[in-house]
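Morning, everyone. One chain today, and I'll keep it quick. Have a look at the screen.

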Amino acid sequence: MHEAAAPGKQLTVYRQQASLGAAGDLDFALQLLKRARGGQLGPSLRLYRPQPTVAFGQRDANLPGFAAAEEACRERGFEPLIRKAGGRAAAYHQGTLVIDHIEPHPDAIVRAKARFSEFGELLAGALRSVGVHAAVGEIPGEYCPGEFSVHGEDPDFPAHRIKLIGTAQRVVAGGWLFSSVVVVENSGPIRDVLAASYEVLGLDWDPATAGAANDLLPHLDVTTVEAAVVEAYRSYADVVDGDFRTLLG
């Protein structure tokens, strides 16, 4: 059973229609976490399509090639940023869906690792529900590697697996933020900017592992995947709609 998936648990879904800017979108997630830990925000799911961004890990920023990597991103229309979570560089744009799951919790660290497994499986299930052969687990050579990444398989060539979802978590006293990025459409620019960035950073990876869900199922779009994600969360809590504008006040 998912963490605190008790009868009557409510999760409010806020659909953000317009980006706050690459940096603004990342910062706003931390603002929501601060509200949750302070008791001003209950369990919430924020969904949005981001501006073209490459989110570097803090280790990336210390590498000799980081300035060149930033320039490579800007040349390709992506904003380079340094995120507070760990991991290596990950890229996203308006063909992706960002999911920020925020909850207040009196002892948020206790099940931190379990969340990676549980929400990874939930999101893989959402992709399977729309026809993608998806599973949880790191694949060799993937960008921003993680034990609980979600990958998809080509049904005609099962050996060809691509990373579709990366997850990250921030835990503070009184709450947690679990962020997921689902790559749904237009994988070419993401693959290109990652290849350029990883090369100058001196990091090994396999560009064939970077892809999008609609590389496997061409008809898929972000709207369809978003609906599947919200439906999957109904196994976790009672999902209700919220007005994102109320979060901006």
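Charges first: Lys and Arg count as positive, Asp and Glu as negative, with His and the chain ends not counted. Each charge sits at NZ of Lys, CZ of Arg, CG of Asp or CD of Glu. On that basis, the mean positions of the 23 positive and 31 negative charges are 7 Å apart.

Some ground rules. This is a predicted model: local features need pLDDT of at least 70, side-chain atom pairs need 80 or more, and totals for chains, interfaces and linings use all residues. Numbering runs from 1 along each chain as its sequence is written, and side-chain values use heavy atoms, without hydrogens or water.

Now the fold. We have seven helices and eleven strands, taken as DSSP runs (H or I, at least four residues; E, at least two) numbered from the N terminus. Buried residues make up 52% of the 249; buried means under 20% relative accessible area, with a 1.4 Å probe and protein chains only.

What holds the interior? A nonpolar core is a set of buried Ala, Val, Leu, Ile, Met, Phe, Trp, Tyr and Cys joined through side-chain atoms within 4.5 Å. The largest has 38 residues; among those touching the most other members are Ile 99, Leu 127 and Tyr 233. Elements giving it two or more residues include β6 (96-104), α4 (112-129) and β9 (157-172). A second, separate core of 21 residues includes Trp 205 and Ala 212.

Take Leu 127. Beyond four places in sequence, its contacts (heavy atoms within 4.5 Å) include Val 132, Leu 164 and Val 225.

Key: Buried means under 20% relative accessible area, exposed over 50%, partly exposed in between (1.4 Å probe, protein chains only).
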